[in-house]
Structure formats: structure tokens, C-alpha cells
Amino acid sequence: MADIFTIVLVAAYFLGMLAIGAWASKKIKNTEDYLVAGRQLGFWVFVLLMIGTVASGMSLLGVSGLGFAAGWPTIWEEIFVPLAIGFCIIFFGVKLHNVAKTAGYVTVQDYLAHRYESPTALRTLSAVAGIIVSLIYLVGQYSAIAIVLIWLFQIPLWLALLIATLITTVYTAIGGLYAVAWASLIQSAILLIGVIIMAPIIIFYAGGFTHVNEYMASINPALVNPWNAAGAFAPPYLVSFAVLLMVGLACAPHVINNVLAIKDVKYFKWAPLVAFVAYGVVIFLLKFTGFAGAVMVKEGVFALPSVPNAGDFVILYGIQYALPVMALWAVFAVIVLAAVMSTTDRLMLTIGAMFSWDIYKKVLKPDADDKTVLLLSKIVVVLSALGTMVLAINPPQMLAILIWMGIGVMLSTFAVPLLAGLYWRGATREGALAAMALGLVSSLVFGMLNYVKANVLGINFGTIPLHFSAYSFIIAILAMVIVSYATKKTSAKVLDETQTGWYISK
Amino acid sequence: MFGLPDITVYSVCIVVVVVIAALLYWGLTFKGHD
């Protein structure tokens, strides 16, 4: 399928990313430069890094795939996902940034270890949990990259995964957060401009926005309702869905660590609104493209491949139909790759940081020199990429489901210790450990039971009224409250140092 | 409107407007110093 222009364009994009990595590597003098970009990120680099980190494989393939499968009741995803950036900045970012500047945090685990006076236990549990959830999420991202490369080049899955892994790993490993942030600046700009130009063309070819909605209503009126009457996307489910996406994404380690790297806290003033509007426009357009694709498939305009995750291909086939010039497919492939890689690189760097900084430097070998920690970060980035590449060889049935599962585990594991830590002076170390451990284990169990639609103790986990993460989130809240009331409080000195209390900023 | 039931248009628009208003309020009131 691929012609010489396609190969040149995609190769140029990959080389551009590698060049950023090479440029960034010259700025790396120590671990702090590598992991938090020397705390020097400016407003636009930060905003586009946040968008790029949140905008993932789900944004292009998963969002349109879900729109294709379930229609308007899924539209709330397009509000809650962009809002996660604002939630992260407002409820976590302001305080964490302010405390991090004086306390020198490099990862969010540094905060947890300080706030809960737990330099070993909570830090280790938090880092291990962070690595597990990031790996689940990373598998979804690599699956998305593979879908695009297979579609464009008609190459085997293993080769697509190998190419994607090699490129992303090289620039992330050599350039750290400087490379990730500057790559995201370009990737997010490509994503925003590309989708704003291309999505309306697909919708136009499907007969226009009104025709798409009318046709969906004629197939099934429920497809144009704002919510379903029961089950998934019914009002109770949507409440759990809002918490899942908004809070879960906001506290995901690869997202929240970005707030430590900003140069000046005043950037937090308008970043939430700018990110919501910019990313909101794109993600709404992507959902509408999924609707348009559904209509075109029903009308027999084009057919999707007969694979289990066919819905995830809808935007690619829509482009192929509406823009029958191969060169434009290549442009679109670069847009998708940009979206996916901007999350993938941040995830790999986060895994590298959690292992080398939190587990190795802070727990296993406190006297390790900076050079060793830096080298270990790079090695872990490479290993995490290779590990998830192997896991991504068997892609999930639907990308969005796997990615939500990853976010659900993040929500259940991190939201309660972080929110309670920042705002409740009564939250204790033992409470945080219990909330994190129970949240992690219960969400992994519920997620798996939900995925295989298991029937346990008379409960059908395939048809539970809320997203599975809501149950594990509630378990984590209960664990935090009950255990905190029964255990010794954190010292007032540490609570003051970490600005703990019922306020965002004083 | 747009081939959609009114409740779909109104519910989505209301939530979007409320979110933008809240983020605007944050921007206008956040003092932005360390």
C-alpha cells in the first residue's frame, strides 16, 4: 500500500523525533534534568505536554471506535477526558508544585513518602503500583501504534511493534523529559491541526453532521440519546465514568508528574481552560468522525476489516474513503502516531523514574551516585518498552476498554492517598498504605472479572451498573478513613511542610 | 436540532458551558504566585 512519499513522510517524522532526542540529550546534566526537565517548562510546552500525555491511542482510534460502536451516550468521554487536565492542575498541581520546589521532589512518590512519613513502605508500594498500571496502559498505546502501521504499510504486527518501540524508546531514553516535552509540543500541534482539518472532511463525506445523526436515529433511536436507559452509559454509570476519566487520568503517574516540571506556578492560571478548549475541540471532532464512520459502514460505503477490534479502524478507513490520495493517508498516519507516541514516551519515562529513583535510589541503594541512577533510568525505559511490546502482540478486542481498565486501576490506587494526603490532615501512613494496596488489588480483580464477564457469588461482573473502578475506589476511600482513624497521626511539622489542609493555595 | 433530540443538545451544551465557566472562574481568581 505504501508509496515512496508515505515512507519518506513517516521516516521524516521518526527522524524528527530522534533529532529532538539527540538535541535534548545535550541538556541532560543530572537526574533532575532527565526526569523533570530541570523544572524549566514554559506555558505552551507544559500545556501541550499535558494534552499530549492525556491524548493517547484512545483519542484517535479508541474515541472514534467507541462512537462507532455506541453513539451519543458515549459523548461524555469528550468532556471528562479534557477536564482531567484541569482537575490535575487545580487539585494536585498547585500544591504539589509549590511543595516540590522547596522539597526537591522528582516524582509524585517523593511527595507521598514525605507527606506520610514513609520513606520505604509507601514509596515502594506506590512505585510498584505505578509501574503495574503504567504497563497496562502502555500495552494499549503500543496496540494503537501497531494498528496504524499495519494499516499504512501492510506489515506484520511484530514488525509494526518493533519499529514503533525502537523509535519511541531511542528518543525517550536519550533525551528524558526534555525530549518528551519538546516531542509532545510538536506531536500535539500536529494532532490539533491535523484533526481540525481532516475530521470535518470525513463528516462532510458521510453526508454532513445532521445527516449522520438522523441516520443513526433511524438505525436505533438510542444511538442519539444522551444516555442509555440501563447498563453501560446509563446515568449511574456515567457518574462513575466521570470520576474514572477526570480523577483517574488526573492522578495517573505519567500525567501528574508533569506538574513538577513547570517553571512558574502562574502558568497554572490559564492552563486548565486552554487545555480543555484545545483538546475538547479535537476529541469532540474525533467522536463525530466515529459517528460518521458508523453511518458510512451501515450505508455500505466502505467495510471494516474482519478483526475483533474492527471499530478501532473506523477513522482510518474513513480517511481512506474521504481522502483518496495516499499522501494524505500518510499525513494522517503521522497525526495518529504523534498522538499515541506522545503518551507512550511519557509512560516509559515515568516507569524509568519510578524504578531508578523511587525503588533503586531511595530504597535499595541510597548511596548510589547520580550517574548510575541516570543510566538505570535509561535501561528501564528500554526494558519497559520491550516488555510491553511483547504483551501487545495479542491486541485487546477494543482499545478503549483496555485503556479505561488502566485508568480504573490508576484511580483506585492513587486518587485516595493523593487527595487525602493533600487535603485531610487526619490521613495517616497506615491509611494510605491500606487504601493503595486494597485499591490496587481490588481494581485488578474487578477489572479482570469485568473483562471476562465472570459470574461470581451471584454477581455478573459483565453487567454491573457502575464502572468496575467505582467499587474499588469506594473500597480505597473506606480503607483510608477507617485505618486513619485507628492509627497515629502524621506530625504537624510534616503536615505544615507539605501544605496539608482544606485549601488549594494560601 | 442537528438531527438530535433536544435533550441531547441541551444536556451536552449545558455541561460544556458550566465546565468552561468554572475554568474561567479559576483563571480569573487564581493568584498564581508561590
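## Helix packing around H5(A)

The crossing of H5(A) and H1(B) is left-handed (the near helix is turned anticlockwise from the far one by less than a right angle; clockwise would be right-handed). The model is predicted: local features need pLDDT of at least 70 and side-chain atom pairs count only at pLDDT 80 or more, while totals for chains, interfaces and linings use all residues. Residues are numbered from 1 along each chain as its sequence is written, and chains are lettered from A and ligands numbered from 1 in the order in which they are written.

Two packed helices are described by the angle between their axes and the distance between the axes. Axes are lines fitted to C-alpha atoms, for helices over the stretch in contact, and angles run from 0 to 180 degrees between N-to-C directions. Helices are DSSP runs (H or I, at least four residues), numbered from the N terminus.

| Helix pair | Angle | Axis distance |
|---|---|---|
| H5(A) (residues 77–103) and H1(B) (residues 6–29) | about 20° | 12 Å apart |
| H5(A) and H12(A) (residues 271–298) | roughly 160° | within 8 Å |

H5(A) is therefore roughly parallel to H1(B) (under 35 degrees), and H5(A) is roughly antiparallel to H12(A) (over 145 degrees). The crossing of H5(A) with H12(A) is right-handed.

Residues are in contact if their C-beta atoms, placed from the backbone, lie within 7 Å. From H5(A), A:Ile79, A:Leu83, A:Gly86 and A:Ile90 meet residues of H1(B), including B:Val19 and B:Trp26. This contact of H5(A) with H1(B) has 8 nonpolar, 1 polar and no charged residues.

Technical notes. Helices (H or I, at least four residues) and strands (E, at least two) are DSSP runs, numbered from the N terminus. Angles under 35 degrees count as roughly parallel, over 145 as roughly antiparallel, 65 to 115 as roughly perpendicular and the rest as oblique. Two residues are in contact if their C-beta atoms, placed from the backbone, lie within 7 Å. Ala, Val, Leu, Ile, Met, Phe, Trp, Tyr, Cys and Pro count as nonpolar, Asp, Glu, Lys and Arg as charged, and the others, Gly among them, as polar.
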